[in-house]
Amino acid sequence: MSIKEMLPKWDNQTANYNLQEHNWPDFWLNIAKEKFPYIDSLEKIHDVCTPDQIVELGSYLQKATGGEEFINRIDSYYNSIVPNLIDQEEYMIQRFFTVRIVIPNQAKAGRLLQFHKDEWTGNGLGILTLWTPITKCYGSNSMQILSCEDSDFITDECVQNKWSFDKIQSESLSKSFPVELEPGQAHLFQQHHIHGNVNNTTDISRWSMDGRILPKGGKYHRKLPGGYFRFIGEKPDNRPIDSNKDYISYAGWNNSWSGGIPLPMQRGIINDYCKNNKIKINDYQFENEFLDWYPALEQFITGYNVDAIVLCSIYSLPENISSRKKILQTAVDNNVELHFANELCTVRDQKDINHIEKILEYKI
């Protein structure tokens, strides 16, 4: 993305929000106390928790972002900010957020975030980032970020001259500045901006929350709609999964998305989903390569005497729209559940088909 393509409202800008209505410090302190009841201050967590405990807490906080209470809160929060910052009504939101804790002298504990831009970590340039500090951020405890112009310069020089890791870090540091905000403020930037951390030499721990949106039609690269992103208002598919049904798994390589994913990787995602839902697979099936009309999948649905099929992703389905809709409708008509491991959803009725098709409207 060139400088001219940057959205002014997301080019290192500040968004203010109602802290009383969206009280993230209180919310995350209460979640943290669930794990370690003796925590009484976010800023002073390093005084009562070891670095290892903070890593453990981070995993606990991350898991909480998939809960209904957080989903309701974050949807309300984003709906109070985002509509005024994009020129369209439809967008998706990051499914699982990251809560970061930067303790004093975090470099000693090996917790220093290198300078990077999110384009380098698989994010498409159509994605927009809303970075929400939960505690006061200033100086060395805050995110250090570069201007769009400096990010452009470093990107070009880095690639052309094959810079070393240390060169990328030192050049980025020389052009960076800290994001300085109070609770009740958030920072808006794009995947083009280089950012990272320096060693926190303040006496407080900084907490922050990363979240991204995908406007409809935006480039997402590796961060897929439906998997990485969900709709505002979308809740986890918590319908009971009957582990006593007859399940098979299905893998294939017959579209542009699945063609480059080796069988062990597809089955790795499938196996994790099955383990988490106590599903036992009766058989591991696959589609013969190059058969992009999916005859095997159709046969597994109509004539294989199974109750459910677990696929790696909704992107494993036929790219041809009519073929895809036929597969989905055939599954519903034959009362065969289709489980999609990457998107954590199932197709059991027409409403589920509509949900899949709505997600795939974002596919570009």
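Helices here are DSSP runs of H or I with at least four residues, strands are E runs of at least two, and both are numbered from the N terminus.

Before going on, this is a predicted model, so local features need pLDDT of at least 70 and side-chain atom pairs count only at pLDDT 80 or more, while totals for chains, interfaces and linings use all residues. Residues are numbered from 1 along each chain as its sequence is written, and side-chain values use heavy atoms, leaving out hydrogens and water.

Back to helix 5, residues 165–175: which residues are buried there? They are Ile168, Gln169 and Ser172. They share one side of helix 5 because they cover an arc of only 95° around the axis, taken from the directions from the helix axis to the C-beta atoms. The buried residues of helix 5 pack against helix 4 (148–161), with contact meaning heavy atoms within 4.5 Å.

Now to strand 14, residues 337–340. Glu337 and His339 are buried on one side, and Leu338 and Phe340 are buried on the other. Strand 14 pairs in the parallel sense with strand 13 (residues 308–311) over four bridges; pairing takes at least two DSSP bridges. Valine 310 sits opposite histidine 339.

On its other partner, strand 14 runs antiparallel to strand 15 (residues 345–347), joined by three bridges, and phenylalanine 340 stands opposite cysteine 345. Thanks, all!

Note on methods: Buried < 20%, exposed > 50% of the residue type's maximum accessible area, 1.4 Å probe, protein only.
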